[in-house]
Amino acid sequence: MEPWPWKTIIEPFRIKAVEPIPLLHPAERAAALRRAGHNLFKLLADEVTIDLLTDSGTGSMSASQWGALMEGDESYAGSRSFLQLQAVVHDIMGFPHVLPVHQGRAAERILARTLIPPGAVVLNNTHFDTTRAHVEQAGALALDLPVAEALRPQDGSPFKGDMDLAALDAALAEHGSKVVMVMLTLTNNAAGGQPVSMANIEAVSARARAAGVPFYIDAARFAENSWFIHSREPGYDRWSLLDIARRIFSLADGCTMSAKKDGIVNIGGLLCTRDDKVAELFRNELILSEGFPTYGGLAGRDLAAMAVGLGEALDVDYLRYRAKSIAYFAEGLRQVGVPVVQPAGGHAVFIDAGALLPHLPAEQLPGVAVANALYLEGGVRSVEIGELMFPGHAPLQLVRLAVPRRVYTQSHIDYVIEVAAKVAARSSTLGGYRIVHEPPFLRHFSAELAPLQG
Ligand code: F0G
């Protein structure tokens, strides 16, 4: 593959349809934030200028995907669009059994109901919160086994998403036959969107096989992870991204996937397995909750768009641009004095709010203070990943700026960096927040907050 010789990163696409974004007056933003109880989740989309809340389901579809949408086959059973999707998944992932689902957590729910009994143990580099919730809902224990580097924001190690192999050995020895599944989340979203190396995937797979435990991949960002293996892991620079992805999936017994990320669709997901008996269990549960196995809770057109999107996500020019533009974003923030988790992740930049606001203890929600300041300053919406989201057990006080796929251009990113620079310049004056009202669980979505001062 040709290296990119230019300093300027160009988006490897041009824009065919545009969607206006709201530009608000500062007083309008202040009023909107007050109305939202100082919680960015409760803002209306029309109150946000640059929306970096999530990269999930927020991407732009390509002209080919919009074309495929029109060709979608809406037959209840045996849809052509399903066959199209199945062929693409066979090609990339190689799993014989392909079940469409409406989004990632539907796959997780089916997996939990069929393969995870009460009292069981599931091991993961880091469970994404919906995965953890489904494991726990099944009455099982969800254990995270990240490497130590994952918790050191300034450690620039290339594969901070890896699973700690010594911890895996210890957990397999301690919990024995209670361990019913080993999972790897690619990339490791909850640990900063950091990638997992091929060496780690191989080692985890070998240990799971030796222990006779199924090994599943959470494939939400498998294409971005493949890019990092290609660009960072010795020996893989000559491999195509498709071959890297094939190798990854060849090591697993199955996968769950939210296609709202690297499927580049607004809705959709997958559940796959190699095992005929497990596939039967999955299908029965799928029919009960999602729909017939050839549509799985989606319209035929959604399956067609997903089939095209999965292929586009592995395009080398697209992935190079995506990784470079996220690294550019992280570096731009660092240069204006905003501490960010190193190295840049695959889908987002994480601001270390604890380091930016050392005067605020975790209980005063430094992540919320930074996220709300970014909104008030320039209408940028991000998400706190710290004390508000994980009360009492957030290792770091972070703010995630997730970048939707193929949506924003470099000038949008330059604007966000400028907004963040202004916030950083007055960081010592930013006050904390307190919680006025909170629901019993997942409090970050709906909690009402208030500034501690003024
Ligand atoms: N697994 C990972 C690694 C995820 O990041 C997500 C969603 C899911 C599973 C669940 O998929 O939303 O389609 O049901 N992550 C989004 C985010 C919500 O903002 O990171 P879903």
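## Ligand contacts

In this predicted model, a backbone N or O atom of Gly104 lies 2.9 Å from an oxygen atom of the ligand. An N or O atom in the side chain of Asp218 is 2.6 Å from a nitrogen atom of the ligand, and an N or O atom in the side chain of Ser258 is 2.7 Å from an oxygen atom of the ligand. The protein buries 93% of the 470 Å² that the ligand exposes when taken alone.

## The shell around the ligand

The ligand is surrounded by 16 residues. The closest are Thr54, Arg105, Asp218, Ser258 and Lys261. Sorted by class, the shell has 8 polar, 7 charged and 1 nonpolar residues.

Which helix gives the most to this shell? It is helix H4, residues 104–115, with 3 residues.

## A nonpolar surface patch

On the surface, Phe441, Leu442 and Phe445 form a nonpolar patch. Together these residues have about 340 Å² of accessible area. Leu442 belongs to the loop between strand E13 (433–437) and strand E14 (448–451). Leu442 counts as partly exposed because its relative accessible area is 46%, a value between the limits of 20% for buried and 50% for exposed.

## Cis peptide bonds

Most peptide bonds are trans. Where do cis bonds occur here? One runs from Leu186 to Thr187, with omega near -20°. Thr187 is found in the loop between strand E5 (179–185) and helix H7 (198–211).

Another cis bond joins Gln342 and Pro343, and its omega is about -15°. Pro343 lies in the loop that separates helix H12 (316–335) from strand E9 (348–352).

## Positive phi angles

Most residues other than glycine have a negative phi. Ile264, which is not a glycine, has a positive phi of about 45°. Ile264 is placed in the loop between strand E7 (254–258) and strand E8 (269–273). Is Ile264 buried or exposed? Its relative accessible area is 2%, so Ile264 is buried, the cut-off being under 20%.

Leu365 also has a positive phi, near 55°. The loop between helix H13 (353–356) and helix H14 (366–378) holds Leu365. Leu365 counts as buried because its relative accessibility is 1%.

Terms used:
Residues numbered from 1 in each chain as written. Predicted model: local features only at pLDDT ≥ 70, side-chain atom pairs only at ≥ 80, totals over all residues. Heavy atoms only, no water. Near = heavy atom within 4 Å. Polar contact = N/O pair within 3.5 Å; in protein donor to acceptor, adjacent residues only side chain to side chain. Areas by Shrake-Rupley, 256 points an atom, 1.4 Å probe, with all protein chains shown as cover. Helix = DSSP H or I, 4+ residues; strand = E, 2+ residues; numbered from the N terminus. Nonpolar A, V, L, I, M, F, W, Y, C, P; charged D, E, K, R; others polar. Patch = residues over 30% accessible without salt bridge, like charges linked within 9 Å, V, L, I, M, F, W, Y side chains within 5 Å. Salt bridge = Lys/Arg side-chain N within 4 Å of Asp/Glu carboxyl O. Buried < 20%, exposed > 50% of the residue type's maximum accessible area, 1.4 Å probe, protein only.
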